[in-house]
Every structure is written in C-alpha cells, then in structure tokens.
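The sequence and model come first.

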Amino acid sequence: MGDAAPGGGQDRDTAGHARSADCRRAFAEVSPEDAAALVTRVLTGPDPATASDAVREYLGRRAAELLTDPGYPAWCLAMTGPVAADASAARRLREWTLLRAVTLDEPWEADALLAASDWLQLRTAEESSAVIALAVLAEGGRTRRIRNTARSRLTGA
C-alpha cells in the first residue's frame with residue numbers, strides 16, 4: 001500500500017476499519033430492545049458504506065435466528081423504519097421476509113422471488129424445500145447456477 005497519501009488516505013482506511021469493527025461489536029452486544037435505535041444511529045453516521053455493511057450483517061444474523069420464530073414479524077416491523085434510510089439494507093430485510101414466507105409456506109409472489117437478488121435466489125435454491133419456489137427458480141432464476149441448483153434439488157439429484 002505504501003506511504004499515506006497527502007490527503008491521509010491510509011489514515012482514512014484505518015479509521016474506516018475501526019468504525020467497521022466498532023459497528024460489528026455494537027451489533028453483537030445490542031439488546032433486541034435497543035437494536036432499532038442502534039440501526040438508526042449507525043445509518044446516520046459519517047460512513048454510509050461501512051454503516052450499510054454493518055446493518056446488513058446484523059440483519060442477516062438476526063433474521064436467520066428469527067426466521068421461523070413467531071417473533072420475526074415484530075422484529076421486522078421494528079427494523080422497517082430504521083432501515084428505510086438505506087436502500088440496500090431495506091432490500092435485504094424485504095428479502096429475508098420473502099425467504100420466511102417461502103420457508104413457512106405463507107403467501108408469496110413468484111415475481112418477487114424472480115426480482116430478488118442473486119443472494120436470495122441462490123440461498124433459496126440451495127436450502128429451500130419449497131417445491132414451488134424451486135420450480136420458479138429452475139425455470140427463471142437469474143443465473144445458470146441458480147437454475148441448475150434449483151433443478152437439481154427438484155429432481156433429488
């Protein structure tokens with residue numbers, strides 16, 4: 001990497017890593033009651049990219065824990081307002097909610113699954129036992145890997 005640039009590039013990188021570590025630590029320690037406030041505080045901080053990454057990481061961890069739990073809807077509702085400030089985090093929350101619907105055999109739309117990110121489509125193709133979701137992805141998944149994975153899971157290969 002060399003010497004620090006005149007504008008303090010290396011110092012900014014170090015500060016960014018420190019902010020990222022601080023965010024991760026805060027999310028690891030936050031109580032469920034305080035999580036929405038922490039998401040709001042992080043997303044209004046000085047480093048939007050670091051904030052977005054940290055919030056998506058938290059959402060992923062917590063949503064996975066609550067995916068089939070009756071507490072998921074309340075948690076999701078509490079997160080909806082705070083994550084609205086970040087399009088990427090808001091999309092990830094919506095995708096976790098779609099995954100929950102597929103997993104629990106609740107109503108969901110095929111178009112929503114086909115419009116979802118590669119992350120959600122691949123996760124669904126690899127892990128879901130929902131035959132309808134697998135059929136939708138086998139036919140219209142965004143990538144060849146997603147389509148082949150879903151097709152393979154459908155046929156039990």
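## Salt bridges and a buried arginine

R62 and E65 sit three residues apart, about one turn of the helix, and both belong to helix 3; helices are DSSP runs (H or I, at least four residues), numbered from the N terminus. R62 and E65 form a salt bridge, defined as a side-chain nitrogen of Lys or Arg within 4 Å of a carboxyl oxygen of Asp or Glu.

The model is predicted: local features need pLDDT of at least 70, side-chain atom pairs count only at pLDDT 80 or more, and totals for chains, interfaces and linings use all residues. Residues are numbered from 1 along each chain as its sequence is written, and side-chain values use heavy atoms, with hydrogens and water left out.

The chain has nine helices and zero strands.

| Pair | Closest N to O |
|---|---|
| D22 and R25 | 2.6 Å |
| R62 and E65 | 2.9 Å |

E57 in helix 3 (residues 48–66) and R24 in helix 1 are 33 residues apart, and their pair links distant parts of the chain. D22 and R25 both lie in helix 1 (residues 9–29). A network of salt bridges links R91, R92 and E95.

R100 lies in helix 5 (residues 87–103). R100 is buried but has no salt bridge, and E106, the nearest side chain of opposite charge, is 4.4 Å away. Buried means under 20% relative accessible area, exposed over 50%, and partly exposed in between (1.4 Å probe, protein chains only). By contrast, D22 is partly exposed at 43% relative accessibility.

Conventions
Helices (H or I, at least four residues) and strands (E, at least two) are DSSP runs, numbered from the N terminus. Lys and Arg count as positive and Asp and Glu as negative; His and the chain ends are not counted.
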